[in-house]
Amino acid sequence: MSTKVAVVTGSNKGIGLAIVRALCKQFDGDVYITARDVGRGEEAVKTLNSEGLKPKFHQLDINDLNSIKTAAAFFKGKYDGVDILINNAGTAFKASDPTPFGVQAEVILTTNFFGTRDMSTHFLPMIRAGGRVVNISSMLSVTGLKQCSPELQQRFRSEDITEDELVGLMRRFLDDAKKGEHKQHGWPDMAYSVSKIGVTVLSMIHARRLSKERPNDGILVNACCPGWVRTDLAAPGAPKSPDEGAITPVYLALLPPGAKEPQGKYLSDKEVQPW
């Protein structure tokens, strides 16, 4: 039996590090912290080592296609695949940040949607049978969806939306945001929400595709909201600790062998939520 392996993006701190901590305790296999910055990644490994845990580290910047390809080749070569992929890496701006909306939108979608999509493009083909893919979304994806025009809501809820169509819609939002025309074209006034709508819908598209293309492999793909967690991205008054924020992502990552559901769903607090 080859060693099982779990990969968590953006996991040198916050919810990502908490997910690695939990997997080190509960998953029978190697668990990888990944981060853009090697120094920060290695520091995170030392932090968990001091708790008696033994994660491994690999450099991975989801905004750098070469970094993604290098990491994918490493996991393919060393493990011949990946059992758990948690797409956690993400970014946001503080509400008070004066950066123009169009610039914020570009930065946020580049990482949260397009980076996550690039990860999936290169890692999904090597997810092993029985594998689990968890994409970290947000409750703001649901809030944002309700603020979209009826036409956009219909597409984002559609069972037949393709990845190409979704990418086109995300690019359209960016174009509208840069022109300052996003609200009149039916988009919410929050780029982070739109990026996480993209992540949630992408999860649903990938779940449908894998169920169709690899029906006997039992791979489950879901999106989840970790909750309002005290991290660099959120206010210090958020109610959940990072370890509490990790509960639902870890639950999805460790769904038992043979589980058929949830599949292609959006969850929070371990419960499937309406979309």
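Is S193 buried or exposed? At a relative accessibility of 2%, S193 counts as buried (under 20% relative accessible area; exposed is over 50%, partly exposed in between, with a 1.4 Å probe and protein chains only). The structure here is a predicted model, in which local features need pLDDT of at least 70, side-chain atom pairs count only at pLDDT 80 or more, and totals for chains, interfaces and linings use all residues. Residues are numbered from 1 along each chain as its sequence is written, and side-chain values use heavy atoms, with hydrogens and water left out.

S193 sits in helix α8 (residues 191-213); helices are DSSP runs of H or I with at least four residues, strands are E runs of at least two, and both are numbered from the N terminus. Setting aside residues up to four places away in sequence, S193 touches L140, S141 and G144, where contact means heavy atoms within 4.5 Å.

Next comes F93, in the loop between β4 and α4. F93 is partly exposed, at 24% relative accessible area. Apart from neighbours within four places in sequence, F93 is in contact with T99, Q104, V107 and I108. The C-alpha atoms of F93 and A191 lie 9.5 Å apart, although 98 residues separate the two along the chain.

Helix α3 (residues 65-79) runs for 15 residues and spans 21 Å from first C-alpha to last, close to the expected 21 Å; that expectation is 1.5 Å times one less than the number of residues. Buried in α3 are S67, I68, A71, A72, F75 and Y79. Seen down the helix axis, these buried residues fall within an arc of 130 degrees, so they line one face of α3; the arc is taken from the directions from the helix axis to the C-beta atoms. Elements covering them include β1 (5-8), β2 (30-35), β3 (56-59), β4 (82-87), α4 (101-123) and β5 (127-136). On the face turned away from the buried side, N66, T70, A73 and G77 are exposed.

Then there is the pair α6 (residues 150-157) and α7 (residues 163-179), whose axes come within 11 Å and cross at roughly 145 degrees. Axes are lines fitted to C-alpha atoms, for helices over the stretch in contact, and angles run from 0 to 180 degrees between N-to-C directions. From α6, L152, R155 and F156 meet E165, L166, L169, M170 and R172 of α7.
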